[in-house]
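Reader: I'd like to learn how to read a structure like this one. Could you walk me through it, feature by feature?

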Amino acid sequence: MASSSSSSDVIILGLGVALAAVYLFRDQLFASSKPKVAPVPTKATTGSGNPRDFIAKMKDGKKRVVIFYGSQTGTAEEYAIRLAKEAKSKFGLASLVCDPEEYDFENLDQLPEDCAAIFVMASYGEGEPTDNAVQLLQNLQDESFDFTNGSHKLTGLKYVVFGLGNKTYEHYNLIGRQTDAALAKMGAVRIGERGEGDDDKSMEEDYLEWKDAMWDAFSAALGVEEGQGGDSADFAVSELSDHAPEKVYQGELSARALTRTKGIHDAKNPFASNITASRELFQDTEGRNCVHVEFDIEGSGMTYQHGDHVGVWPSNPDIEVERLLCVLGLSDKRDTVIGIESLDPALAKVPFPVPTTYATVLRHYLDISAVVGRQMLGNLTKFAPSREAQDLLVGLNSSKEDYANVIANGCLKLGEVLQYVSGNDLAAPPTPANTTAWPIPFDMIVSAIPRLQPRYYSISSSPKLNPHSIHATVVVLKYESLASERIPPKWVFGVGSNFLLNLKFASNNEQPLLASSAPTYDIQGPRGAYKNESLYKSPIHVRRSTFRLPTNPKSPVVMIGPGTGVAPFRGFVQERVALARRSLEKNGPDALNDWGRISLFYGCRKSTEDFLYKEEWPQYAEELKGKFTLHTAFSREPPYKADGGKIYVQDLLWEDRENVADAIINGKGYVYICGDAKNMAKAVEEALARILGEAKGGSAAVEGAAEVKLLKERSRLMLDVWS
């Protein structure tokens with residue numbers, strides 16, 4: 001019995017093993033008997049499968065227009081999207097809007113004959129391409145770069161160019177012009193005239209004057225007729241009655257900020273930095289303020305170099321948020337949770353995180369404090385609450401002169417314009433009772449108003465002395481608008497600088513010193529995240545710059561920075577102080593003997609009113625053992641010129657021309673200019689041309705100009721200027 005039982009066990013065990021093997025290898029054993037099912041295509045597997053192939057994406061989406069934008073601050077991207085929307089509304093044409101950094105250009109020659117490429121190109125700095133357009137411009141200009149046709153030719157390719165620039169800079173709209181020239185050289189055919197927008201005057205008006213003739217030429221070139229499109233929304237806005245509160249964005253700038261998880265801090269995920277110190281820099285603050293702010297970055301993973309910029313992410317002032325809530329009839333629904341969905345993700349992406357609330361969108365995400373554009377007014381006329389309001393709005397939209405006199409000169413924001421044409425009192429604090437409501441769909445507001453952008457400031461510290469702290473030097477923007485027959489003058493306040501001024505007041509438990517009309521902000525941030533006991537926070541990130549000192553301290557340095565243009569030079573001097581301390585400690589008291597001289601030319605109104613960092617410069621001079629010299633020009637106190645004129649930094653340069661010329665020509669020194677581009681930078685360059693022309697035994701116009709040009713080409717004359 002024992003033997004029989006054992007045999008049965010073996011048989012059963014063997015059968016079990018066999019069945020287990022069949023189960024484990026069932027796919028291989030029975031594969032031939034099972035029909036093969038083709039995988040369902042997804043967005044990731046459609047087309048060529050190459051996410052950098054814009055031609056394939058155009059074919060998949062049946063798009064006849066591709067728009068590339070070179071953008072540093074977001075403006076060129078905004079105009080690219082506007083052109084895409086107009087192509088759709090006028091002709092019913094779908095467009096692919098592309099960040100050129102995300103695509104390859106070898107197959108640009110494959111753009112079909114019935115399609116067109118539009119290039120919206122901003123010029124950055126001194127005629128440089130924006131960071132995201134560097135590769136595109138290189139490909140267009142490099143004759144050794146071959147397209148798929150095996151040559152550097154784009155024969156017959158139809159294209160449009162709109163350039164964005166600023167006439168206060170020497171190389172106005174250079175990138176737009178270079179793009180146009182490169183395309184024409186390769187045999188491409190431009191549609192209409194090249195557009196050029198001047199940010200110093202009115203980018204908006206330049207665009208409006210250019211676009212109509214361009215669209216006429218576009219219609220003829222592509223054989224399309226206007227009227228084939230139609231008004232269609234970019235977004236669908238829905239009110240959500242049931243959504244987890246912890247998943248609703250209340251002003252957080254990223255998903256990591258909402259969930260409070262760690263990650264890299266950059267423009268897409270700013271760091272909420274503690275403000276560890278803030279103080280007033282002006283000695284006389286009647287009507288003017290300049291704030292020194294220190295941002296703590298310890299533990300953030302963020303680093304910076306002297307000459308970099310800090311991006312500060314402000315919110316909109318309370319009064320403008322309230323004004324637009326009242327104008328849109330949303331005052332009672334301010335905290336209603338909304339979801340926003342793009343109806344054409346390729347054309348219009350939701351520009352901020354959702355779900356969120358109406359008030360949050362207006363406070364944290366949209367630039368509602370900007371002067372409203374003329375084109376936007378035309379889209380709102382049909383929502384006017386009365387015939388009188390409609391007629392007024394149509395007039396402001398259709399008349400360039402009326403728009404300039406009332407809106408541009410009056411610095412009117414969207415909410416103020418809608419109040420004005422409705423006959424509301426602009427001087428009264430807005431409430432639902434005194435503000436006429438307009439039935440404007442919220443999706444139009446999201447579509448028409450650009451995203452609120454960070455404000456950039458030159459970093460005024462060195463990581464060598466302040467490794468865990470970023471310093472900013474911010475003059476507070478406040479000025480009076482121009483009066484007109486229809487609009488009285490009013491105070492205009494810069495969003496970013498007044499946001500920081502509010503933080504300074506709160507951090508130091510101070511009372512505001514400005515006029516009572518000065519704006520207030522919700523500085524505690526979303527869910528109170530920007531207040532930590534007695535410390536306040538601000539979201540920041542670092543933008544890299546090439547504005548750097550020479551690595552060799554033996555090279556002489558000439559720095560010109562009046563007003564807050566001195567900010568990066570404080571960082572430059574701190575950088576040299578840190579190096580001097582190490583050198584003296586290592587090599588003894590003679591360590592700086594062969595260093596080049598560091599000269600700073602600084603100007604302001606009065607030595608007793610707005611002399612920035614007045615108490616610091618003597619300390620730096622002492623530490624640098626005579627290698628640092630400060631030259632000061634006080635325009636509103638003696639001494640004056642012989643003719644009674646004011647003395648500015650360019651005059652100081654000329655007075656010290658022998659040393660300046662020697663430093664540049666014989667010492668192979670470096671020159672840095674920071675501040676106003678429109679007047680100061682031009683005057684300083686003219687003075688440099690005079691100095692170098694005289695030193696070369698020639699004239700400013702010939703030898704001097706040639707020397708200045710050569711300095712720029714060799715990166716020995718660098719500018720960090722603004723208009």
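Author: Gladly! Keep in mind that this is a predicted model. Let's start with a pair of strands: β12 (residues 337-342) is joined to β13 by two bridges, and the two run antiparallel.

Reader: Which residue of β13 stands opposite valine 337?

Author: That is threonine 357. The general idea is that strands of a sheet pair through backbone hydrogen bonds, either parallel or antiparallel. Here the pair belongs to an open sheet of three strands, in the order β8-β12-β13, with antiparallel pairing. At the edges you find β8 (235-239) and β13 (356-357), each of which pairs on one side only.

Reader: What is the strand order in the sheet of five strands, and is its pairing parallel or antiparallel?

Author: This open sheet reads β22-β21-β20-β23-β24, and the pairing is parallel. Its edge strands are β22 (628-634) and β24 (717-722); each has a single partner strand, so one side of each lacks a neighbour in the sheet. On average, neighbouring strands of this sheet are turned by 10° against each other, ignoring direction.

Reader: How many bridges join β20 to β23?

Author: Four bridges link β20 (residues 557-560) with β23 (residues 670-676), and these strands run parallel. To find one of the pairings on your screen, look for methionine 559, whose bridge partner in β23 is tyrosine 672.

Reader: Which helix lies across these strands?

Author: That is α17 (residues 567-587), which lies across β20, β21 (598-604), β22 and β23. Relative to β23, helix α17 runs at about 145°.

Reader: Now for single residues. Is asparagine 502 buried or exposed?

Author: A residue is called buried when its relative accessible area is under 20%. Asparagine 502 has 15%, so it counts as buried. You will find asparagine 502 in helix α16 (residues 495-507). Beyond its neighbours within four places in sequence, asparagine 502 is in contact with Pro519, Thr520, Tyr521 and Ile523.

Reader: Where is isoleucine 487, and is it buried or exposed?

Author: Isoleucine 487 sits in the loop between β16 (478-480) and β17 (491-493). Its relative accessibility is 5%, so isoleucine 487 counts as buried. Leaving out residues up to four places away in sequence, isoleucine 487 touches Val406, Leu412, Tyr420 and Leu426. Take leucine 412 as an example of reading sequence against space: isoleucine 487 and leucine 412 are 75 residues apart in sequence, and their C-alpha atoms are 9.6 Å apart.

Reader: How many cavities of 30 Å³ or more are there?

Author: The count is two. The largest cavity holds about 100 Å³ of space. Its lining has 13 residues, and those nearest the centre are Trp313, Pro314, Ser315, His364 and Tyr530. By type, the lining of the largest cavity comprises eight nonpolar residues, four polar and one charged.

Reader: Which residues line the second largest cavity?

Author: They are Glu320, Arg323, Leu324, Ile368, Lys413, Leu414 and Gly415. Helices α9 (318-327) and α14 (414-421) are the elements that give two or more residues to this lining, and α9 supplies the largest share, three residues. The second largest cavity has a volume of about 40 Å³. Its lining divides into three nonpolar residues, one polar and three charged.

Technical notes. Residues are numbered from 1 along each chain as its sequence is written. This is a predicted model: local features need pLDDT of at least 70, side-chain atom pairs count only at pLDDT 80 or more; totals for chains, interfaces and linings use all residues. Side-chain values use heavy atoms; hydrogens and water are left out. Two strands pair if DSSP finds at least two bridges between them. Axes are lines fitted to C-alpha atoms, for helices over the stretch in contact, and angles run from 0 to 180 degrees between N-to-C directions. Contact means heavy atoms within 4.5 Å. Buried means under 20% relative accessible area, exposed over 50%, partly exposed in between (1.4 Å probe, protein chains only). On a 1 Å grid over the protein atoms alone, a cavity is a set of points where a 1.4 Å probe fits but cannot get out, and a pocket is an open set with protein on both sides within 12 Å along at least five of seven lines; lining residues have an atom within 4 Å of a point. Grid points are joined across faces, edges and corners, and a volume is the space filled by probe spheres set on the points. Ala, Val, Leu, Ile, Met, Phe, Trp, Tyr, Cys and Pro count as nonpolar, Asp, Glu, Lys and Arg as charged, and the others, Gly among them, as polar.
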